[in-house]
Amino acid sequence: RVLARPPNSHAGKLDRGTDNACMILIKFFSFYRNISASEFEDAIKKKLDSVGLGSCLKEAIRVPFFAPEKLPDIPSDLNDALIQALQVQFGCDKGRDGKSTSYIQDIETSLRSLFETHKDFLNDLAVSKDVSQKALLSQISPLLEELSESESINLFDPNKKTPPAPLKIKLVSIDIDAKSVHRVLQSCSEESASLSTFLSTIANTCEHSDTGLYTGEGFVTKTHVTVVHCNQMNQKVIHESFDAIVGQSVPINIKSFIWSEKVAALAVEVGTETEAEVKYTVPAPQNAFPHITVWHAKDANAVMSNQLPDMFERGRAERFDFSQPLKLRGTISFWDSNNNKHLRPGDEKRPTRDSKRSTDN
């Protein structure tokens with residue numbers, strides 16, 4: 001079916017005009033090496049459960065593909081070519097390919113020729129597109145009817161009010177005033193000659209302004225500690241862990257300053273309790289290296305600061321340790337997928353006016 005598509009007709013660039021279309025399909029097939037259909041289905045269910053969506057999957061939707069109940073043997077020449085292609089892909093996956101581009105191209109050419117030779121045999125193996133579509137629609141339609149009658153989603157009565165969906169959180173952070181962070185940078189430069197040289201270098205085009213902030217490309221103005229990213233924790237657990245403390249103040253201890261030619265950050269220790277009269281426990285940051293990124297080079301990004309401790313151990317970064325931790329405070333915030341900031345758990349329609357910022361570190 002892929003080779004039947006005219007060149008440049010497929011949005012995913014997988015058609016007859018793709019040079020290595022057959023080997024791409026071999027690679028796709030190899031993704032499921034050593035896993036059965038039932039094991040794959042179980043893995044999907046476990047993944048949905050881990051992000052709080054397990055209840056959404058009652059029964060898997062099954063769409064027929066093969067037409068005969070008992071599949072015939074594949075023609076021997078095609079079978080041998082497919083095995084050869086799978087063996088080459090297995091070697092590539094294990095880093096033992098050792099095959100030249102011309103060799104792989106020969107396999108591609110052979111597969112295309114054999115698929116054309118056995119085209120009628122292969123087409124007879126699969127049900128028609130119409131059969132697959134009818135099977136899909138017959139199973140989806142009842143699910144849509146259930147959704148239309150539920151309180152959370154109503155497709156046929158747009159005037160009926162439904163409870164708002166929980167805020168979808170991309171990131172939980174502790175936001176620290178940039179002036180306080182930049183004052184720490186100033187104190188650093190007064191205590192370490194090498195650090196003073198570094199700060200002078202990155203501030204070559206960034207004069208220290210009357211606002212108390214370093215300005216210019218590379219300096220982070222929305223300074224923060226990342227506590228958890230949505231890739232590290234499902235939405236249900238994020239809300240359970242942070243709804244009670246979002247918007248509250250948390251103490252931060254600055255332990256050291258680590259920098260390389262590409263990125264610089266303050267290593268921090270986050271307080272275990274909020275500073276309110278009624279104190280709440282603050283979950284520990286999920287990152288192995290809790291930090292505040294303060295600067296990165298033009299050809300780098302904030303997320304690279306996670307590598308600084310390892311770079312220091314390998315002699316590719318420098319570190320200045322404070323004799324006594326410097327004390328700052330920050331505010332726990334939610335950030336949505338549009339990088340809008342929220343200070344209340346149900347604040348999905350009233351983001352703060354903070355400008356959007358990078359939330360990848």
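The questions below go from the whole chain to single residues.

Biologist: What kind of model is this, and how many helices and strands does the protein chain have?

Modeller: This is a predicted model. Its secondary structure holds both kinds of element, and the count for the protein chain is 10 helices and seven strands.

Biologist: What share of the residues in the protein chain is buried?

Modeller: A residue counts as buried when its relative accessible area is under 20%. The protein chain has 361 residues, and the buried ones make up 34%.

Biologist: Among contacts with a separation of 6 or more, what percentage is between residues 24 or more positions apart?

Modeller: A contact means heavy atoms within 4.5 Å. Taking the contacts in the protein chain with a separation of 6 or more, the part that joins residues 24 or more positions apart is 70%.

Biologist: Which helices do the buried residues of α1 pack against?

Modeller: Helix α1 covers residues 21–30, and A21, C22, M23, I26 and S30 are buried in it. These buried residues pack against α3 (76–93) and α4 (101–117).

Biologist: Is strand β3 mostly covered or mostly open, and how many of its residues are buried?

Modeller: Strand β3 is mostly covered. Of its 11 residues, the number buried is eight.

Biologist: How many bridges join β3 to β4, and through how many residues does the hairpin pass?

Modeller: Strand β4 (residues 263–270) runs antiparallel to β3, with seven bridges between them. The hairpin that joins β3 to β4 passes through three residues.

Biologist: Why does S256 count as buried, and what does S256 touch?

Modeller: S256 is in strand β3. Its relative accessible area is 5%, so S256 is buried. Not counting residues up to four places away in sequence, S256 touches A265, L266, A267, R319, F320, D321 and F322.

Biologist: How many aromatic pairs does the structure hold, and how is the pair of F198 and F257 classed?

Modeller: The structure holds eight aromatic pairs. For F198 and F257, the centres are 6.5 Å apart and the planes are at 50°. Planes under 30 degrees apart would be stacked and over 60 edge-to-face, and this pair is tilted.

Biologist: How many residues apart are F198 and F257, and which elements hold them?

Modeller: F198 is in helix α8 (residues 193–202) and F257 is in strand β3 (residues 249–259). The pair links distant parts of the chain, with a separation of 59 residues.

Biologist: Why is the pair of F257 and W259 called stacked?

Modeller: The ring centres of F257 and W259 are 5.6 Å apart. Their planes are at 25°, so this pair is stacked.

Biologist: Which residues form the aromatic cluster, and what are the relative accessible areas of F198, F257 and W259?

Modeller: The cluster is made of F198, F257, W259 and W295. F198 counts as buried at 10%, and W259 is buried at 5%. F257 counts as buried too, and its value is 1%.

Biologist: Where is P290, and how far is P290 from V225 in space?

Modeller: P290 is in the loop between β4 and β5 (291–296). Beyond neighbours within four places in sequence, its contacts are L266, A267, V268 and P285. P290 and V225 are 65 residues apart in sequence, and their C-alpha to C-alpha distance is 6.6 Å.

Biologist: How many disulfides does the structure hold?

Modeller: A disulfide needs two cysteine sulfur atoms within 2.5 Å. Two of the cysteines are partly exposed, C92 at 30% and C230 at 27%. The number of disulfides is zero.

Key:
Residues numbered from 1 in each chain as written. Predicted model: local features only at pLDDT ≥ 70, side-chain atom pairs only at ≥ 80, totals over all residues. Heavy atoms only, no water. Phe/Tyr/Trp six-rings, centres within 6.5 Å; stacked < 30°, edge-to-face > 60°. Helix = DSSP H or I, 4+ residues; strand = E, 2+ residues; numbered from the N terminus. Buried < 20%, exposed > 50% of the residue type's maximum accessible area, 1.4 Å probe, protein only. Pairing = 2+ DSSP bridges.
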